[in-house]
Amino acid sequence: MSHSQQPCAACKLQRRKCTQECIFAPHFPPDQPQKFANIHKVFGASNVAKLLSELPATHREEAVNSLAYEADARLKDPVYGCLGQISILQHRLKQLHMDLDAAKQELAAAAEQQQQQQQQQRSADLRGTAAGDGARGERAAGDVQGVRAKPTTSSSSYQS
């Protein structure tokens with residue numbers, strides 16, 4: 001670490017000189033002091049330093065993010081921490097699955113009802129068409145007979 005840069009948040013909180021080899025510097029920038037403060041309160045700086053030194057450099061950032069999340073959860077809920085959040089999310093997921101199943105059942109019932117209504121409508125249309133054909137046939141026959149049976153009227157029968 002050069003002299004022109006500020007110490008990392010970890011070294012600043014611990015009032016130590018931040019060196020070039022500081023294991024915290026890449027993960028705790030000076031503008032994020034609360035991130036390290038929370039991790040320090042829950043896990044302790046020496047435990048975090050030991051954990052990070054045992055990990056390959058490629059996994060350290062992920063570990064720091066995980067520790068920060070766990071520390072925040074533990075500070076918000078000292079008894080259950082992350083487990084409390086996981087439990088809440090699992091309960092919510094179970095409720096959503098139940099809601100989804102209920103919605104699927106409701107949708108299936110509505111689709112079945114619509115299908116029954118369509119079948120009833122088709123049956124009614126078929127009955128109406130069959131009855132209508134018979135009625136039209138009778139009317140057509142009656143019209144033909146009626147034309148023959150009607151006497152023709154002349155214009156003289158109308159009175160003006």
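1. Contact is used throughout this note to mean heavy atoms within 4.5 Å. The structure is a predicted model, in which local features need pLDDT of at least 70 and side-chain atom pairs count only at pLDDT 80 or more, while totals for chains, interfaces and linings use all residues. Residues are numbered from 1 along each chain as its sequence is written, and side-chain values use heavy atoms, with hydrogens and water left out.

2. On the overall architecture, the chain has five helices and zero strands, running α-α-α-α-α from the N terminus; helices (H or I, at least four residues) and strands (E, at least two) are DSSP runs, numbered from the N terminus. Of the 160 residues, 18% count as buried, where buried means under 20% relative accessible area, exposed over 50% and partly exposed in between (1.4 Å probe, protein chains only). Among contacts in the chain with a separation of 6 or more, 41% are between residues 24 or more positions apart.

3. Asn38, in helix 2, deserves a look on its own. With neighbours within four places in sequence left aside, Asn38 is in contact with Ala71, Asp72 and Leu75. Asn38 counts as buried because its relative accessibility is 10%. Its side chain makes a polar contact of 2.7 Å with that of Gln34 and another polar contact, also given as 2.7 Å, with that of Asp72. A polar contact here is a pair of N or O atoms within 3.5 Å; within protein, one must be able to donate a hydrogen and the other to accept it, and residues adjacent in sequence count only if both atoms are side-chain atoms.

4. The pairing of helix 2 (residues 33–43) with helix 4 (residues 57–76) has axes that come within 8 Å and cross at roughly 70 degrees. Helix 2 is therefore roughly perpendicular to helix 4, on a scale where angles under 35 degrees count as roughly parallel, over 145 as roughly antiparallel, 65 to 115 as roughly perpendicular and the rest as oblique. The contact of helix 2 with helix 4 has eight nonpolar, two polar and six charged residues; Ala, Val, Leu, Ile, Met, Phe, Trp, Tyr, Cys and Pro count as nonpolar, Asp, Glu, Lys and Arg as charged, and the others, Gly among them, as polar. The residues that meet include Ile39, Val42 and Phe43 from helix 2 and Val64, Leu67 and Ala68 from helix 4.

5. The buried residues of helix 2 are Lys35, Phe36, Ala37, Asn38 and Ile39, and these pack against helix 1, helix 3 and helix 4. Lys41, also placed in helix 2, is exposed, with a relative accessible area of 59%. Not counting residues up to four places away in sequence, Lys41 touches Gln34 and Leu75; the C-alpha atoms of Lys41 and Leu75 are separated by 8.7 Å, although the two are 34 residues apart along the chain.

6. In helix 3 (residues 45–54), the buried residues Ala45, Val48 and Leu52 lie on the same side of the helix, because they cover an arc of only 65 degrees around the axis, the arc being that of the directions from the helix axis to the C-beta atoms. The face turned away from this buried side carries the exposed residues Ser46, Lys50 and Glu54. Helix 1 (9–14), helix 2 and helix 4 are among what covers the buried residues of helix 3.

7. Two backbone points may be checked. Arg15, in the loop between helix 1 and helix 2, has a phi near 55 degrees, a positive value in a residue other than glycine, and counts as exposed at 78% relative accessibility.

Notes:
Axes are lines fitted to C-alpha atoms, for helices over the stretch in contact, and angles run from 0 to 180 degrees between N-to-C directions.
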